Amino acid sequence: MAGTVSQASLLLQKQLKDLAKNPVDGFSAGLVDDSNVFEWQVTIIGPPDTLYDGGYFNAIMTFPQNYPNSPPSVRFTSEMWHPNVYPDGRVCISILHPPGEDPNGYELASERWTPVHTVESIVLSIISMLSSPNDESPANIEAADCREKRDEFKKKVRHIVRKSQEML
């Protein structure tokens with residue numbers, strides 16, 4: 001690598017090595033392209049005992065140049081039907097929101113991004129989100145409304161789980 005390597009790049013390389021040495025149940029992660037440590041491919045296995053159980057969901061994590069001071073963005077590239085995932089696949093959870101006070105007043109500063117988060121803690125938060133959707137401030141209004149109609153919601157989720165299994 002030419003010149004000095006940014007602190008963010010070094011930190012992400014370390015996190016990648018740590019995950020390779022000590023894999024975590026429930027997901028796998030690696031670089032989309034070996035020449036870019038700021039873009040990761042993540043595969044999340046649907047958590048057991050949830051509607052997403054048995055599914056394999058791919059996502060892209062894009063890290064800013066000033067990571068860990070700012071959060072990455074995470075976007076599912078696999079089809080996803082969830083109240084906290086925008087229709088375009090972007091994940092909406094508090095820890096991925098910029099640090100500090102919430103301009104809308106929905107979240108406490110302590111619920112938002114802090115530099116202590118790692119790739120592992122981010123993905124584990126997304127897995128937790130799959131297990132326990134937050135219907136209070138949905139990113140996907142249609143999915144949140146559909147949760148009221150439990151059978152319809154289950155049917156849509158079963159469909160995306162089957163579809164994800166076919167992609168293997």
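Modeller: The model is predicted. One place to begin is Trp 113, which has a relative accessibility of 1% and so counts as buried.

Biologist: With which residue does Trp 113 form a tilted pair, and what is the angle between the planes?

Modeller: A pair of aromatic rings is described by the distance of the centres and the angle of the planes. For Trp 113 and Tyr 67 the centres are 6.0 Å apart. Planes under 30 degrees apart would be stacked and those over 60 edge-to-face. The pair is tilted because the planes of Trp 113 and Tyr 67 stand at 45°.

Biologist: How many residues apart in sequence are the parts that this pair ties together?

Modeller: Tyr 67 is in the loop between β3 and β4, while Trp 113 is in the loop between β4 and α2. Tyr 67 is itself buried, at 2% relative accessibility. The pair therefore ties together parts whose separation in sequence is 46 residues.

Biologist: Which residues form one aromatic cluster with Tyr 67?

Modeller: The structure holds four aromatic pairs. The cluster that contains Tyr 67 also takes in Trp 40, Phe 63 and Trp 113.

Biologist: Which kind of peptide bond joins Tyr 67 and Pro 68?

Modeller: Most residues other than glycine have a negative phi, and most peptide bonds are trans. Pro 68 is in the loop between β3 and β4. Omega of the bond from Tyr 67 to Pro 68 is about 10°, and the bond is cis.

Biologist: What is the angle between the planes of Tyr 52 and Phe 57?

Modeller: Tyr 52 is buried at a relative accessible area of 2%, and Phe 57 is buried at 0%. Their ring centres are 6.2 Å apart. The pair is edge-to-face, with an angle between the planes of 80°.

Biologist: Where does UniProt place the feature "active site", and is that residue buried or exposed?

Modeller: The unreviewed UniProt entry puts the feature at Cys 92, in the loop between β4 and α2. Leaving aside neighbours within four places in sequence, Cys 92 is in contact with Asn 84, Tyr 86, His 97 and Ala 139. The relative accessible area of Cys 92 is 15%, so the residue is buried.

Biologist: Which residue lies over the face of Tyr 86?

Modeller: Tyr 86 is one of the contacts of Cys 92. At 4.2 Å from the ring centre of Tyr 86 lies Arg 90.

Biologist: Within what arc do the buried residues of α2 fall?

Modeller: The buried residues of α2 are Val 119, Ile 122, Val 123, Ile 126, Ile 127, Met 129 and Leu 130. Seen down the helix axis, they line one face, because they fall within an arc of 155°.

Methods: Residues numbered from 1 in each chain as written. Predicted model: local features only at pLDDT ≥ 70, side-chain atom pairs only at ≥ 80, totals over all residues. Heavy atoms only, no water. UniProt positions renumbered as here; feature names shortened; annotations may be inferred. Helix = DSSP H or I, 4+ residues; strand = E, 2+ residues; numbered from the N terminus. Buried < 20%, exposed > 50% of the residue type's maximum accessible area, 1.4 Å probe, protein only. Contact = heavy atoms within 4.5 Å. Arc of directions from axis to C-beta. Phe/Tyr/Trp six-rings, centres within 6.5 Å; stacked < 30°, edge-to-face > 60°. Lys NZ or Arg CZ within 6 Å of the ring centre and 35° of its normal.
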